[in-house]
Amino acid sequence: MSAQTRSYASRAEKANPILKKLFGLMEEKKTNLCVSVDYTDPSKILDIIDKVGPKVCMVKTHIDIISFSSVDAIRSFTASLTALSQKHNFLIFEDRKFADIGSTVQHQYRGGVYNIVEWAHITNAHSFPGPGIVTGLGEVMLKEAKEPRGLLLLAEMSSAGNLSTEGAYRAKTLQMARDHKDIVCGFIAMGNQIVTESGDDSDDFIFMTPGVNLADKGDAHGQQYQSPEFVIGEKKSDIIIVGRGIIKAEDPVAVAEKYRAAGWEAYEKRTVA
């Protein structure tokens, strides 16, 4: 039975530790919604996360766009973010998109002013630098992290004209993931076709899709939107990533519930336990 029809709970049985935790909380909260909070004001970010936290399985951040007054302010923010993740039972996904050689990304991940490995359960990377980026980040995850950590590879993007559409690129990205299942927990992709193109081991990975919106079709900067029903039901992704559709809404909590319900309904329609 493929991941197109298996439940999150059944897929958790053989998953690596961070993916097992994610699948478990998704089933518990009945949500496959990740909210992307791309504000620059740290207090505004924490406020909206506290409000929508009960509706989501994951919160996506861009730590390097946030305006901080000091390193101490960064530490305070990440501590508060961690506390909210524990309060509302969601994972933190830092959308760092690492894209360098292994030794460099190790320093970017564990050091600098952000210390991403300390607070982000999951981060992501481009695969075009080659497998060294996976082994470099993985070494920090497996040897230095105090809690389970996971890596997503960018197999596809939602922006118009992006260059990640070649089959060979996706195939090599998939092979890197298959070679490092203790580190790579899934993909940023438009669906699970990256796996089904070359054999069905999609149970082993989670698929997260950005560019989801119930109303808009795109923006002036090339973003292309799709519905939760299409992403989860037709493209067989696992998690919908929603940003402006929620955080710009007049009532973010009510709108987050609409996305949560739509995503979960699409999942239940495709799934048999």
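Which strands does helix 7 lie across?

**View 1. Helix 7 on the strands.** Helix 7 (residues 132–143) lies across strand 3 (91–98), strand 4, strand 5 and strand 6 (184–188). Its direction is at about 160° to strand 5. Helices (H or I, at least four residues) and strands (E, at least two) are DSSP runs, numbered from the N terminus. Angles run from 0 to 180 degrees between N-to-C directions, and axes are lines fitted to C-alpha atoms, for helices over the stretch in contact. The model is predicted, so local features need pLDDT of at least 70, side-chain atom pairs count only at pLDDT 80 or more, and totals for chains, interfaces and linings use all residues. Residues are numbered from 1 along each chain as its sequence is written, and side-chain values use heavy atoms, without hydrogens and water.

View 2. Eight strands form a closed barrel in the order 1-2-3-4-5-6-7-8, with parallel pairing (at least two DSSP bridges between two strands). On average, neighbouring strands are turned by 30° against each other, direction ignored. Strand 4 (residues 122–126) and strand 5 (residues 150–154) run parallel and are joined by five bridges. A125 stands opposite L153 in strand 5.

**View 3. Helix 3 against helix 4.** Helix 3 (residues 42–52) packs with helix 4 at an angle of about 5°, and their axes are 10 Å apart. Helix 3 is therefore roughly parallel to helix 4 (angles under 35 degrees). Residues in contact (heavy atoms within 4.5 Å) include I45 and L46 of helix 3 and F77 and L81 of helix 4.

Definitions and conventions. Parallel < 35°, antiparallel > 145°, perpendicular 65-115°, else oblique.
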